[in-house]
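Hi everyone, thanks for making the time this morning. Let me put the structure up, and then I'll walk you through a few spots in it.

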Amino acid sequence: MLCARLTNARFLTMDPDHPVAHDLGIWRGRIVGLDEAVTSLPAREVIDLQGATVLPGFIDSHVHLAWTGFKAGTPSVAPCSSVEDVLAAVAEAVARTPEGGWADLAGYDQRGLGRHLTAAELDKVSAGRKVFMMHDSGHGCMVNTAVLDLLPAELPHGEGFLAEGAMGAARALRLPYSQQELADAIGLAARTCLAEGVTACAEAGIGGVLFGHSPVELGAYQLAKEQGKLPLRVQLMVSADRLRPVTAHADDGFPRALDLGLRTGFGDDRLSVGALKIYTDGGMMARTAALTAPYQGLDHTGQLQDDPETLADTIVDGHLAGWQLAVHAIGDRAADVALDALERAQRIRPRPGARHRIEHAGLIRPDQLERFARLGVTAVIQPNFLRYFGDDYAAIMGEERAPWLYRGRGFLEHGITLVGSSDRPVADGSPLRAVQFMVERASTSGQVIGPDEGITVDEALRAYTVAGAFACHWENSAGSLTAGKRADLVVLGDDPRSVDVSRIGDIEVAATFVDGRDTEEAAS
């Protein structure tokens, strides 16, 4: 007997062997079959979906769950449009902060203010408290003198703005969060994911200097799972900061590893270890993405996280230790560093099935596409970056480079696996809004950015289902509604392939199922 049969729906399976179905059977959390294979079988529960459209659960292949949860509970300066308004918001947060404590704020972005604030300005409203404002990109922060005084004098601070490693040094003054605080934040973010139809995601870097929250952060995800706060599947990328020199057997052939040789693949179908996360550059919002030519109107080309040879050695060592690699590279200069190192690593020890990923691939020159394809590298992009920040990004790249931003068609035409993701909380996490952008390439202002990079609705949906499963080594259990795979699916109020493209982002997510159970009902 089936546990459940879902009926009276339009199932878009993403499986070319059975692309559309009207019935789906579930037994013990798995899909038993479709249509005639299950319509005559008895079922404990028959769920009439009343003509809804059903897709495989969306896979968000690059998220920051803990950061998302913490940001939701942190006062934000995002609504502020002037320096004076920001300072007023800081003063309000300071008033609620105990003497000698830290006033934390989120949502800082100098672009809407016309310039960065200064530590001296923050000092006027900080009343002796330490002030820390996280930049929306995650690649910088704004602090006052009370924080700067705790940092090494030689640390570059730009009158209070700390970028990349300097930001990491300031964050280290506060860390670590407790595992319970982390578990609560993770649970809050996970529920947001489910509401958007996301049933599985890849957490993009735990335990590191830039985005880590604790040296025992993996334990916080275990705690969240044990407490029932992890209602979706999570794959954890581990920061390459955790690699340590090891004295392993010569036949093992790797100079650095995580303790006990932990690597990609450890865990179960709910919580597992995924790729090794390696940062090569910063971000475009903070103007630290590493470019080969200067930002339009600026006299710099961003920055690498370290010298190129050190970055390359980390990439090679991670490859030799058996990891899948997720290399953060936003600018084209950073992508060169990543591709050079990946090619070197594969030459030393060929691993055709490694499925190494480049995270973001924000600005990829035409000549770099062939290298992606030849090396079998997956491109994990964030379409909503251009939807919400595209006007700014196009301006700082200029007319020639703007069409290279967060490509779609260029990757697919070269046979490169194109994967969609959000990088939440940096941008809106909705996969449907991202799908809409991938097709129309229009920012919220209506500006069309790189129209030749637009793809079809089907191709965009694949980026959040089939391709996401492939990038996370889940293709045998997720990504399509196929017999034997997990019964993870999203019920939509309309068919993304049938409505006007401009309406895709507003389609209602009516329900999200994980292991064949409606997650909203299971939580009640």
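**Around R486**

Let's begin with R486, which is in contact with G29, R30, I31, R233, D269, W474, S477 and A478, once its neighbours within four places in sequence are set aside. Keep in mind, please, that what you see is a predicted model. Where does R486 sit? You'll find R486 in the loop between α15 (466–471) and β22 (489–492). And is R486 buried or exposed? The relative accessible area of R486 is 4%, and buried means under 20%, so this arginine counts as buried.

Now on to the nonpolar cores. The largest one has 121 residues, and the members that touch the most others in it are F372, L405 and F411. Which helix gives the most to this core? That would be α6, residues 179–195, with 8 residues.

Let's zoom in on F372 for a moment. Not counting residues up to four places away in sequence, F372 touches L339, I358, A361, I364, V377, A379, F411 and I416. There is also another core lying apart from the largest one; this other core has 20 residues, including V77, C80, V83 and V86.

How many disulfides does a search of the whole structure find? The search comes back with 0. For C80, the nearest cysteine sulfur belongs to C141 and is 18 Å away, and C80 is in no disulfide. As for C3, its relative accessibility is 25%, so C3 counts as partly exposed.

That's my tour, and I'm happy to go back to any of these spots.

Definitions and conventions: Residues numbered from 1 in each chain as written. Predicted model: local features only at pLDDT ≥ 70, side-chain atom pairs only at ≥ 80, totals over all residues. Heavy atoms only, no water. Core = buried A, V, L, I, M, F, W, Y, C linked by side-chain atoms within 4.5 Å. Buried < 20%, exposed > 50% of the residue type's maximum accessible area, 1.4 Å probe, protein only. Helix = DSSP H or I, 4+ residues; strand = E, 2+ residues; numbered from the N terminus. Contact = heavy atoms within 4.5 Å. Disulfide = S-S within 2.5 Å.
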